[in-house]
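Subject: Predicted model for your review

Dear colleague,

I am handing over the structure we spoke of, with notes on what was found in it. Please read the notes beside the model itself.

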Amino acid sequence: DHLEDYRRYLSSKGDTADHVKKTAARCRAVLDGVGAEGLGDLQPSAVTEFLADMRAQAPVRAELTQEKYT
């Protein structure tokens, strides 16, 4: 629910549709990657570790598609 609220917030403040889609997809990837189902499940250390693992696996940034994480 919070991710959808954040998506609406980005849209309502005038961000481009492309930016909103990419940002939501990236947030969803992190939430899925750390196994978080809600804000209470988020731990900074888990997010940091997830992002470090992503960087180690693919030093070149991979584009996250909206279809996969929406």
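Residues are numbered from 1 along each chain as its sequence is written, and side-chain values use heavy atoms, with hydrogens and water left out.

Confidence comes before the details. The mean pLDDT (the predictor's confidence in each residue, from 0 to 100) of the protein chain is 87, and 83% of its residues reach 70 or more. Within the chain, confidence is highest in helix α1, at a mean of 96, and lowest in helix α4 (residues 66-69), at 58; helices here are DSSP runs of H or I with at least four residues, numbered from the N terminus. Where pLDDT is low, the predicted coordinates should not be read in detail.

A search of the whole structure finds one aromatic pair, a term that covers rings of Phe, Tyr and Trp (its six-membered ring) whose centres lie within 6.5 Å, with planes under 30 degrees apart counted as stacked, over 60 as edge-to-face and the rest as tilted. The pair is stacked, because the rings of Tyr6 and Tyr9 have their centres 6.3 Å apart and their planes at 20 degrees. Both residues belong to helix α1 (residues 2-12), where a spacing of three residues separates them by about one helical turn. Tyr6 is partly exposed at 36% relative accessibility, and Tyr9 is likewise partly exposed at 46%, on a scale where buried means under 20% relative accessible area, exposed over 50% and partly exposed in between (1.4 Å probe, protein chains only).

How many salt bridges are there? The count comes to six, where a salt bridge is a side-chain nitrogen of Lys or Arg within 4 Å of a carboxyl oxygen of Asp or Glu. One of them joins Glu4 to Arg7, with the closest N and O atoms 3.1 Å apart, and these two residues of helix α1, being three residues apart, are separated by about one helical turn. Glu4 also meets Arg8 in a salt bridge of 3.6 Å, N to O, this time across four residues of α1, which again is about one helical turn. Glu4 is partly exposed at 34%, Arg7 counts as buried at 17%, and Arg8 is partly exposed at 45%. Salt bridges that share partners join Glu4, Asp5, Arg7 and Arg8 into one network. Another salt bridge links Lys13 with Asp15, whose closest N and O atoms are 3.3 Å apart, and Lys13 is partly exposed with a relative accessible area of 47%.

Leaving aside its neighbours within four places in sequence, Thr23 is in contact (heavy atoms within 4.5 Å) with Tyr6 and Leu10.

With kind regards

Methods: Predicted model: local features only at pLDDT ≥ 70, side-chain atom pairs only at ≥ 80, totals over all residues.
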